[in-house]
Amino acid sequence: DDEQEKVDDTEIKIRERGNEVTIATDYDRVHDRHSWFFDLFGQNSGSMPFVHYRISMPVTASLKIKDYKSDTKISDLKSSLTMETYKGSVIVRQFEGAIDLETYKGEVAVYFAQLSDDCKFETYKGKIEIFIPEKNSVTIDADLDRRVEFDSDFDIQFKRQSRHDKHILNDLNGGGKVIKLRSEKGNIKLLKQR
């Protein structure tokens, strides 16, 4: 009964403002109604209800996602993607556009159909794999702490390296759109999309 009440108290809020649609999972009523249990026993009697979204949208619309630890799959987007996840898993396929992705310790794989805009990836200690078409002209701009594991299928040279960090500024195939990478102790791979 307690678990069913939590499901009933979970709200999905959809708001439309101009050309923007916002969808949010709201657990406020769950917290309000069940907080006595947390206070009394100091622990949760179960997890919050999972909510699964399947969203179809125009491929040229911008997408913003703020997430805690979901499994996210995105495909065929030809616009900008802004994503923040704490420790979820993210797979983006056939992507063309700008991406600004930040994860604390999640696992991310992005497959570019074409690199058509500047992109930024940041993680504290997560894993990021970026698949780039082999013949795309790209500039890699990376600031990585010495604890970061960095691998690349491309010929990447470290321009500056100190005891504490490494900086990479490399042009692939003559240079072009910029991929910025930032990490303190994550795992980052640049892989050839063949």
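Predicted model: local features only at pLDDT ≥ 70, side-chain atom pairs only at ≥ 80, totals over all residues.
Residues are numbered from 1 along each chain, and side-chain values use heavy atoms, without hydrogens and water. A pocket here is an open set of points on a 1 Å grid over the protein atoms alone, where a 1.4 Å probe fits, with protein on both sides within 12 Å along at least five of seven lines; lining residues have an atom within 4 Å of a point. The volume is the space filled by probe spheres set on the points, joined across faces, edges and corners.

The lining of this second largest pocket includes Tyr 86, Tyr 104, Tyr 124 and Arg 182. Strands S5 (81-85), S7 (99-103), S9 (119-123) and S15 (177-183) each supply at least two lining residues; strands are DSSP runs (E, at least two residues), numbered from the N terminus.

The largest pocket holds about 2000 Å³ and is lined by 37 residues, with Ile 23, Tyr 53, Ile 55, Ile 65 and Thr 72 nearest its centre. Strand S2 gives the largest share of that lining, six residues.

Ile 23 lies in strand S2 and counts as partly exposed because its relative accessibility is 36% (between 20% and 50% relative accessible area, 1.4 Å probe, protein chains only).

Definitions and conventions: Helix = DSSP H or I, 4+ residues; strand = E, 2+ residues; numbered from the N terminus.
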